[in-house]
Amino acid sequence: MKSAVLVFPGSNREGDVAQAIELVTGRKPAMVWHGDGDFDKVDLIVVPGGFSYGDYLRCGAMAALSPVMAEVKKRAAQGVPVLGICNGFQIVTEAGLLPGTLMRNAHLKFVCSDVHLKVETSQSLFTNRYQAGQVIKVPVAHAEGNYFADAETLKRLEDRGQIAFRYCSANGAVDVAGNPNGSINNIAGVFNETKTVLGLMPHPENAVEPLFGGTDGKGLFEGMVEALS
Amino acid sequence: MTIAEEKNPPVKLPNEPAITPQIVAEHGLAPDEYERLLKIMGRTPTMVELGIFSAMWSEHCSYKSSKVWLKKLPTKAPWVIQGPGENAGVIDIGDGQAAIFKMESHNHPSYIEPYQGAATGVGGIMRDVFTMGARPVANLNALRFGDPEHPKTRHLVSGVVAGIGGYGNCMGIPTVGGETNFHPAYNGNILVNAMTVGVAPSDRIFYAAAAGIGNPLVYVGSKTGRDGIHGATMSSTEFNEDSESKRPTVQVGDPFVEKLLLEACLELMATDAIVAIQDMGAAGLTSSSFEMAAKGGLGVVVELDKVPMRETGMTPYELMLSESQERMLIVLKPGREELARKIFEKWELDFAVIGHLTDTERMVLSWHGDIVGNIPIPPLVTEAPMYERPWTLTPLPTELDAAKVPAPKDWKASLLALMGSPNLASKAWIWKQYDHLILGNTAIRPQDGDAALVRVANGKAAGHKGLAMTSDCTPRYVQAHPETGGRQAVAEAWRNITAVGARPLAVTDNMNFGNPQKPEIMGQFAGAIMGMAEACTVLDFPVVSGNVSLYNETEGRPILPTPTIGAVGVIDDIATAVGARLTQAGLALVLIGDTKGWLGQSIYLRELCGREEGAPPPVDLAVERRNGDFVRGEIVGRRVAACHDLSDGGLLVALTEMCLSGGTGATIKLPKGAAPPHAWLYGEDQGRYLVATTDGEALIEAARKAGVPAVHLGYSGGVNLAVEGLLDVALEEIRAVHEAWLPDYMNAAV
């Protein structure tokens, strides 16, 4: 699997995701600078976490208009898989690759904590290593992760199986207690219609080693390798 | 500009006020200090010159009250690469790597404007570390707030925590540890002490000493604005009712720009272009240019009109004294300007050559071709005021007889009250607002162990090297007896590093005290230093960097003396480290160290009896070392499952914390012939650890051989915490009060 990780000036989890990819594939991803409108052909594009251009305006709003994102949109339209994590989820959503939006957390504070996620489907190139209904533990770290979509969009997402992950309690119950940010329907991650684009707020890249947060996030990377190699 | 021109007296700028005694006083210079200035200058200074003296001779920059005492601290060890005097301390951590770290206060600004004050405190300490070539790997912070019932406390907690998180989270550096206390003595002066730890190749450390006559002086980072003017002077006086009006002296932070600055500086550092580099912190351009020239024994010409400015109409005075954030000063090798410019332009930062080095040992400031300041550098350093202020040591209070302290009427209620009290309650509300996991290296998270533990990649295939770090001080002990308190703060930091299995290496100190012109305050400072010096010597735990914050008083009321100790240790393989979490049943619980049942100055005495009295627990440093070395050996030898040092609240609180964090209960029994149960369970005797192990007998036998007191208390298991004959309470009941206090407090309507 050849992959590229975008780097905006304020990206700060690009190293974490690059490390996770290298751990699983044995191969370093290409790091692509935000000002570059073109980059080598790859099997996967990752938009990592961070603060893109500072995010003093709406998160990801400026990054969505960057030269590199114009290229990402083009390739996504051709079916190249795109994974947006945290700020990357905000950016791909702002860029129109995914429906909905990420609002300020309901409690208005930054939250960094392990959360439990319920895997909604194993039928995607991102989640094929998990079982539908499986509960995994990975961390979140964000201030604007409160997913929202209007009723019509939400219904479409639910009906077409575009929900990838939901926040839940340790026992798998999708409830208020397990929701760290107020996301509607406890949504933690969504696919586009073709399931070639995944955006999620949690950080599977920070859960790939037993001594450093556990390995529940590793399946996501292993699944992509299996699907894309 | 030629050297001949540099000796010209400066011109006076239009509208420049005459220097009056009132203007001198407003600059915080005492009359005799101004006399000293006149002697050095040989004439009346211009405004910008007066401003420079004021900043450089402020307590904050000159350490004029503390220097004579700071010299008593041990600063050397074979592993110390750089001790105090640079931007941060540097120690060798093996594998050709160095850890670079320092703790610094931002107390006064954080009280006036909590969000920006705390945020820029974090920004400032990170710059101190990356200016030396290190990539920051972790942040910690030690916070002291006033009485929770004080009307300002909630607002201050909220702002400070958001500010620390806002800055550190955006920078992408995990905030992995720290401490938060409440006490009415901090009502008018909170403490915000921020620490950064970074890692660099040990042969690629960057220093501030300028070299090379004619070399260009380069300004990079943000533009200079009018924020933070006189910050250093403001931090060197007491607060009064007008302190609110000092808000304009607080700087405003931009963590995104600092992130760019970090990346750009590290990129430039990977080339061979840099001769010297210094961040612009307190007293901004003044102290950075001055210190670089002074350390190199050189002079400097600064063309102030070339400084990138945020607003129009700025004066030389404002440019020299602004504390705008996210700026660096660099001396480049000749001919490297374009290489450097390209890097900073890539990161969309300002870059300007603003002067050059000379051999005149003078600081010459020019403004559109005119000289507006001309100061000889060496005398400003050598003739700087230094005070041996009168000091009175605090006498050792009488020992409190534990038998005269009432036992709890209801054991369960006493434990619930302590675990739900402001100082012992869970601080998850705070550290969950800090990204403590970014970079993927955090092995021991907040609340999971006595020290935070962070991986340092060392290029080796086997094992993960780790840095352990902690911040500690028990101000009530220091208040009661500064020497004991100073000793204890160092010992506890050493113990916390030890309790995860790491080797304690070195210390950074952040000395927060009241007005040093009062002999009893100066005596607290002196006593704390004596205690710290002794502990650092016996424990081979040198001080490599530090910061002093004095005048933490409001309307004459001082804070508790608070010498915060930040410490760093190393462990060769993180797989051998342990946390404090009890995660399995059937483990033997063994208490290491001697228990007499010391209740003087204990949390039990304060929270449950409403008394702050008696002598603090004594610290026997030889015993401390013996016990700690034994425990560390057992941990690294993989004979320990969990370990927690005993501090605030003693044995029962430590055991409760282990149970809560690991989600496993425990049952213990008091040994025969023990002190009164409440003294035994809540006493705060020093040098102790509670260890969980699969083989209690072997551990006790090993301890016996090492001459270390050890007693088997009971086992982990179940969902309750029980002390035979005294207490049996469900963990979930304790957890509820322990986790509720802070969020409930913060969410309560005002």
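These questions and answers walk through chain B of a predicted model and its contact with chain A.

Visitor: What kind of model is this, and how are its parts numbered?
Guide: This is a predicted model: local features need pLDDT of at least 70, side-chain atom pairs count only at pLDDT 80 or more, and totals for chains, interfaces and linings use all residues. Residues are numbered from 1 along each chain as its sequence is written, while chains are lettered from A and ligands numbered from 1 in the order in which they are written.

Visitor: How many helices and strands does chain B have?
Guide: Elements are DSSP runs, numbered from the N terminus: helices are H or I with at least four residues, strands are E with at least two. In chain B, that gives 26 helices and 28 strands.

Visitor: What is the radius of gyration of chain B?
Guide: The radius is taken over C-alpha atoms, and the globule rule is 2.2 Å times the number of residues to the power 0.38. For 750 residues the rule gives 27 Å, and chain B comes close to this, so it is as compact as a globular protein of that length. Its radius of gyration is 26 Å.

Visitor: Which elements give two or more residues to the side of chain B that touches chain A?
Guide: Two residues are in contact if their C-beta atoms, placed from the backbone, lie within 7 Å. The contact takes 25 residues from chain B and 22 residues from chain A. The elements asked for are α9 (153–171), α11 (255–269) and β14 (442–444) of chain B.

Visitor: Are α8(B) and α11(B) roughly parallel or roughly antiparallel?
Guide: Axes are lines fitted to C-alpha atoms, for helices over the stretch in contact, and angles run from 0 to 180 degrees between N-to-C directions. Under 35 degrees counts as roughly parallel, over 145 as roughly antiparallel, 65 to 115 as roughly perpendicular and the rest as oblique. Helix α8 (residues 114–130) of chain B and α11(B) pack at about 5°, with axes 11 Å apart. The two are therefore roughly parallel.

Visitor: Which residues of α8(B) make that contact?
Guide: From α11(B) come B:P255, B:E258, B:L262, B:C265 and B:L266. From α8(B) come B:G123, B:M126 and B:F130.

Visitor: Which residue of β26(B) stands opposite B:T667?
Guide: Another open sheet of 7 strands has the order β23-β25-β22-β26-β24-β27-β28 (chain B). In chain B, 3 bridges join β24 (residues 666–668) to β26 (residues 710–716), and the two run antiparallel. The residue opposite B:T667 is B:Y715.

Visitor: Is B:E238 buried or exposed?
Guide: A residue is buried if 20 or more other C-beta atoms, placed from the backbone, lie within 10 Å of its own, exposed if 12 or fewer, and partly exposed in between. B:E238 is found in the loop between α10 (231–234) and α11 of chain B. With 20 C-beta neighbours inside 10 Å, B:E238 counts as buried.

Visitor: Which residues does B:E238 touch?
Guide: Residues up to four places away in sequence are not counted. The partners of B:E238 are then B:N515, B:Y551, B:E553 and B:T554.

Key. Two strands pair if DSSP finds at least two bridges between them.
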